[in-house]
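Hello,

Here is the structure you asked about. Have it open while you read the notes below.

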Amino acid sequence: MRKWILSGATLCLAPWFAHASDQCVALAKFEMANVSITSATSQPAGTFTSEAGQKIPGLPAFCRVVGVATPTPQSKVGFEVWLPEQNWSGRYVQAGNGGLAGIIFHPLLAQLLQRGHATASTDNGHQAIPIDGTWAIGQPEKVRDFAERAVHVTSDIAKAVVARFYQKKADRSYFYGCSEGGREALIAAQRYPEAFDGIVAGAPASHWTNLMTSFVWRGQALHGTKEGYIPESKLPFIQAAAMKACDAKDGVEDGLVSDLSCRFNPRELECKGAESDQCLTGAQVSSLERLYGDLRDPKTNVLIAPGYVPSGENETGPIGGGVRQYAFGAAPGQSLQVAFSTGYFGGFVFERRDWDFRTFDLTRDLPTARQKLGALMDATNPDLTKLRKSGGKLIQ
C-alpha cells in the first residue's frame, strides 16, 4: 500500500513539473499589498544573461520573478525570486547584498539555485553602484529600507511567491550574507528573529558606524596627502617583510600568519638612502602604522576598531576584496575604504555631494554619526533571546 501511495505522489508531481513554465508565467498576476511583480519568466537551463550583460553558465531551468515593493510612498525596493523548476530542495535561502547595495547579487542567487534552493535577493531599496551613497540624500525612508526594512520585506514576499509556485510553503527558510550581507544577517537575528530558521552572518559589518569611521580614519592617512600614499609597486616588499616578521610566530612557517599578536614594526622599512620600491618614506611609514594600529575613542579610549593584521598587504580577493583594494587602491583616493566611507558619511550622515573625506574630524563627526544613524545601522544588540525561543540558529 505504501508503494502505491509513493508512486501516486510521484505521478501527481509529474504534471506540475510539465507545466512549471505555465505556473511561472502565472506569477506575473500574483497580487500582494504594496507589491508590483513586473515580470515572471521561465528561464531555460544553461547560461543566464542579466540585463547588464553578465553571463552565468551552468544553471538549471528556473522561474525568475522580478518586482518592486513600496512599503512607504518613498520606498522602491527591487527584488528577484529564483525558483528551480525541478528538484527543489524544499528550502528557501535568501541572499544578502554587499557594500552600499543598489544591485541584485545575481552570482550568489545562481550559487544557491545550483544547490536546488529557491532563493531571492533585494537591491535594498535603491539602484546604484555599491560605493555610491548619494541616493540617501534627503531620503530617510530609503535609508531605513537599506538599513533593515528591504531584507525583511523581501523575505515576506519571496516566501509567498515560493508557496504560490510550489503550492506549499518552504520546509525551512534561511538567510546567508557576507560583509554588508553579514550585517543584514545580524539585523534579521536581532530585529526579526522569527523570519528565518537559520542565519549565516559571514564577516559581518555589524558595528557599521565604527567600521565606516575606521575606514575614513585610515583613508586619511593613506590617501589624504600625496606623501602618505603607498603605491602598489611597494606592496610585495611590505608583505614579504611582514611575513618574515610574523609567519613563524605561531610555530610553523607556512605562509600563513595565525598569531594575531605579532607586532610588526614598519619603521624598520624606512629608507636609509634614496627612495625605491624596497623601502618606505617617513610619511609612508606613518600611514602603515595607522593601518596596523588600533583606533580608539579620543575621549574614552574605548576601542572603535582594531588594526589590520600584517601579512595581507598585497592580497586581492573576489569581487574587489582584499587589503590591496580596500586599504591601498590603485591610485591616491581610490581605495574601497575611501569610497565606502565617502558614500556613507557624504550621503547618509552629512547629506552633501561635495563632502570630502579629508575634512573628517574623529572627535566631532563620530558622535554626529552615532546620534543620527547608529541605532538604525548598527547590528550590535547582543540579546538573541527571541531568536533562541523561536528555534532559530545563527552561525557567525
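T119 touches E80, V81, W82, Y92, V93, A95, L109, L112 and L113, leaving aside neighbours within four places in sequence; contact means heavy atoms within 4.5 Å. This residue sits in strand 7. T119 counts as buried because its relative accessibility is 0%. Buried means under 20% relative accessible area, exposed over 50%, and partly exposed in between, with a 1.4 Å probe and protein chains only. The T119 side chain also reaches the backbone oxygen of V93 at 2.7 Å.

Some ground rules. This is a predicted model, in which local features need pLDDT of at least 70 and side-chain atom pairs count only at pLDDT 80 or more, while totals for chains, interfaces and linings use all residues. Residues are numbered from 1 along each chain as its sequence is written, and side-chain values use heavy atoms, with hydrogens and water left out. Helices (H or I, at least four residues) and strands (E, at least two) are DSSP runs, numbered from the N terminus.

Two strands pair if DSSP finds at least two bridges between them. Axes here are lines fitted to C-alpha atoms, for helices over the stretch in contact, and angles run from 0 to 180 degrees between N-to-C directions.

Strand 5 (residues 77–84) runs antiparallel to strand 4 (residues 62–69), and eight bridges join them. V66 has E80 as its bridge partner in strand 5. V65 has V81. Strand 5 also pairs with strand 7, again antiparallel, over four bridges. There, E80 is partnered by S121 of strand 7.

How many residues of strand 5 are buried? Eight of its eight are, so the strand is mostly covered. Both faces are covered. One side carries V77, F79, V81 and L83; the other carries G78, E80, W82 and P84.

V93 has T119 of strand 7 as its bridge partner. Five bridges join strand 6 to strand 8, also in parallel. In that pairing, A95 stands opposite Y176 in strand 8.

Next, a pair of helices. Two packed helices are described by the angle between their axes and the distance between the axes. The axes of helix 6 (residues 208–223) and helix 11 (residues 362–377) come within 9 Å and cross at roughly 150°. Helix 6 supplies W208, T209, N210, T213 and W217 to the contact. Helix 11 supplies L362, L366, A369, R370, G374 and M377. These residues divide into six nonpolar, four polar and one charged. In this count Ala, Val, Leu, Ile, Met, Phe, Trp, Tyr, Cys and Pro are nonpolar, Asp, Glu, Lys and Arg are charged, and the others, Gly among them, are polar.

Q239 counts as buried because its relative accessibility is 14%. A polar contact of 2.9 Å joins its side chain to that of E315. A polar contact is a pair of N or O atoms within 3.5 Å; within protein, one must be able to donate a hydrogen and the other to accept it, and residues adjacent in sequence count only if both atoms are side-chain atoms. Beyond four places in sequence, Q239 is in contact with S311, G312, E313, N314 and E315.

C246 is also in helix 7. C246 is buried, at a relative accessible area of 0%. Not counting residues up to four places away, C246 touches V257, C262, F264 and P310. C246 and V257 are eleven residues apart in sequence, and 6.1 Å apart in space, C-alpha to C-alpha.

Best wishes
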